[in-house]
Amino acid sequence: MAETTPDTAPDAAPAAPLLRIITPDTTPEEVAAIVAVLSSLGGAAPAPRRARASWSHPARQVRRTLPHGVGGWRASGLPR
């Protein structure tokens, strides 16, 4: 009888292999290279998106209307 561990159910069938070598003359080094390449392809969670700084937001590229009337030149230099 097969030994059961806490993470496997007694009725669970063994999982199929993820990699099967079909050529008889494959060396262990070649198998290791294939496993290294396949394991480096991914499987990890994607990197989180970085928050965009407010100074580089595209809305800042839109020119605001210039102040009109008396004192407009002075108001153009004041903060919004």
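Select Val35. This residue is partly exposed, with a relative accessible area of 40%. Here buried means under 20% relative accessible area, exposed over 50%, and partly exposed in between, with a 1.4 Å probe and protein chains only. The model is predicted: local features need pLDDT of at least 70, side-chain atom pairs count only at pLDDT 80 or more, and totals for chains, interfaces and linings use all residues. Residues are numbered from 1 along each chain as its sequence is written, and side-chain values use heavy atoms, leaving out hydrogens and water.

Next, show the helix around Val35. Val35 sits in helix α1, which covers residues 28–40. Helices (H or I, at least four residues) and strands (E, at least two) are DSSP runs, numbered from the N terminus. α1 has 13 residues and reaches 18 Å from first C-alpha to last, close to the 18 Å expected at 1.5 Å a residue. That expected span is 1.5 Å times one less than the number of residues.

Stay in α1 and pick Val37. Val37 is also partly exposed, at 48% relative accessible area. Then step just past α1 to Gly42, where phi is positive, about 150°.

Now go back to the segment before α1 and select Leu19. Leu19 is partly exposed too, with a relative accessible area of 37%. Which residues does Leu19 contact, leaving aside its neighbours within four places in sequence? They are Val35 and Leu38; contact means heavy atoms within 4.5 Å. Draw a C-alpha line from Leu19 to Val35: 16 residues apart in sequence, 8.6 Å in space. Draw another to Val31: 12 residues along the chain, 9.6 Å.

Colour the nonpolar surface patch. Its members include Leu18, Leu19, Val35, Val37 and Leu41, and its area is about 790 Å². Patches take residues with over 30% relative accessible area and no salt bridge, joining like charges within 9 Å and nonpolar side chains (Val, Leu, Ile, Met, Phe, Trp, Tyr) within 5 Å. A salt bridge is a side-chain nitrogen of Lys or Arg within 4 Å of a carboxyl oxygen of Asp or Glu.

Finally, zoom out. The protein chain has 2 helices and 0 strands. Buried residues make up 1% of its 80 residues.

How values were computed
Accessible areas come from the Shrake-Rupley method with a 1.4 Å probe; for residues, only the protein chains shown count as cover.
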